[in-house]
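This report describes one protein model, beginning with a helix and its surroundings and ending with a single residue. Please keep the sequence and the structure in view while reading.

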Amino acid sequence: MSELNSPYTPGTPAWVDMMTTDRQATMDFYGDLFGWDFEVGGPETGYYTMALVRGLPVAGFGEMPPDVMFPVVWTTYLATDDLDESVELLNANGGKVLVPEYDTGGPGRGAIAVDPFGAAFGLWEAGTHIGAYVVNEPGSVVWNELATRDPFGAAEFYQQVFGVELDPLPDFPYTQFQVDGRAVAGVFGMANEIPAEIPPHWMTYFSVSDADATAERVRELGGVTVGDVVESRFGRFTTVGDPMGATFRIIQSPPSTPD
């Protein structure tokens, strides 16, 4: 099912957003690439912008103040039923809060944190805004994945904080986070040859109908591609970057097989 109407189970990636250096350029790039429409909030929200598929929110972004010089990144938010309790567990297990708990009023409460191994992520306690209302279809998020230099320690951290179950793949160095018997995210170890200046991070995968054509369109729109489109058991994918510097992945799911 691609459309959701109720809050996500704790530990499930519920939302992605970013702080960009140019809100209009971000709208132009992603609007063309994914066919997104946009809903721009008022000045009281800092003009926080919702990206829409079929009129429903799938992601969001705000604009950094001119005097702020943070990297532009997509942030994965994990759902929680109790933000205060999750923050306590996070602190007790070696994590650290970067942006303290904030309350948006009716939409919900959130925070930004970093795990003990250096990967930043968000926490989201839903109110009227559950997070992404459309997933697993072109233009929406289909997967979130943690790259870390200590996959075993990191997996244990998220298990302790969010209660996810861990499901190591038998023939591949990869662990899936399971919630309610369903895979919701993954974690793998960063190879030694990856430069030390690339920190542990969460990566967002957006679904597309044609990975090769989308990669080409990224380049035409002023973005970059990192390597070729490759085939995997999960589909054809590649890593790309938008003109503002945010990195993400596009993936074309494999054809479904008849039952």
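## The start of helix α2

D82 caps the N-terminal end of α2, with a side-chain oxygen 3.2 Å from the backbone nitrogen of D84. Helices here are DSSP runs of H or I with at least four residues, strands are runs of E with at least two, and both are numbered from the N terminus. The model is predicted: local features need pLDDT of at least 70 and side-chain atom pairs count only at pLDDT 80 or more, whereas totals for chains, interfaces and linings use all residues. Residues are numbered from 1 along each chain as its sequence is written, and side-chain values use heavy atoms, leaving out hydrogens and water.

## The two sides of α2

Helix α2 comprises residues 83-92 and lies across β6, β7 (108-114) and β8 (120-126). Its direction runs at about 170° to β6; such angles run from 0 to 180 degrees between N-to-C directions, and the axes are lines fitted to C-alpha atoms, for helices over the stretch in contact.

Which residues of α2 are buried? They are L83, S86, V87 and L90, where buried means under 20% relative accessible area, exposed over 50% and partly exposed in between (1.4 Å probe, protein chains only). Seen down the axis of α2, the buried residues fall within an arc of 100°, so they line one face of the helix; the arc is that of the directions from the helix axis to the C-beta atoms. The cover over these buried residues includes β6, β7, β8 and α3 (151-162). On the other side of α2, E88 and A92 are exposed. After the helix comes G94, with a positive phi near 95°.

## The sheet

Eight strands form an open, mixed sheet in the order β2-β3-β4-β1-β5-β8-β7-β6. Two strands pair if DSSP finds at least two bridges between them. The edge strands, β2 (37-40) and β6 (96-103), each pair on one side only. β2 pairs with β3 (residues 49-53) in the antiparallel sense over four bridges, and E39 has M50 of β3 as its bridge partner.

## T76 in strand β5

T76 belongs to strand β5 (residues 75-79). Is T76 buried or exposed? T76 is buried, with a relative accessible area of 0%. Residues that T76 touches include W15, F121 and W202, contact meaning heavy atoms within 4.5 Å.

The side chain of T76 also makes a polar contact with that of N144 (2.8 Å). A polar contact is a pair of N or O atoms within 3.5 Å; within protein, one must be able to donate a hydrogen and the other to accept it, and residues adjacent in sequence count only if both atoms are side-chain atoms.

Conventions: Lists of a residue's contacts leave out its neighbours within four places in sequence.
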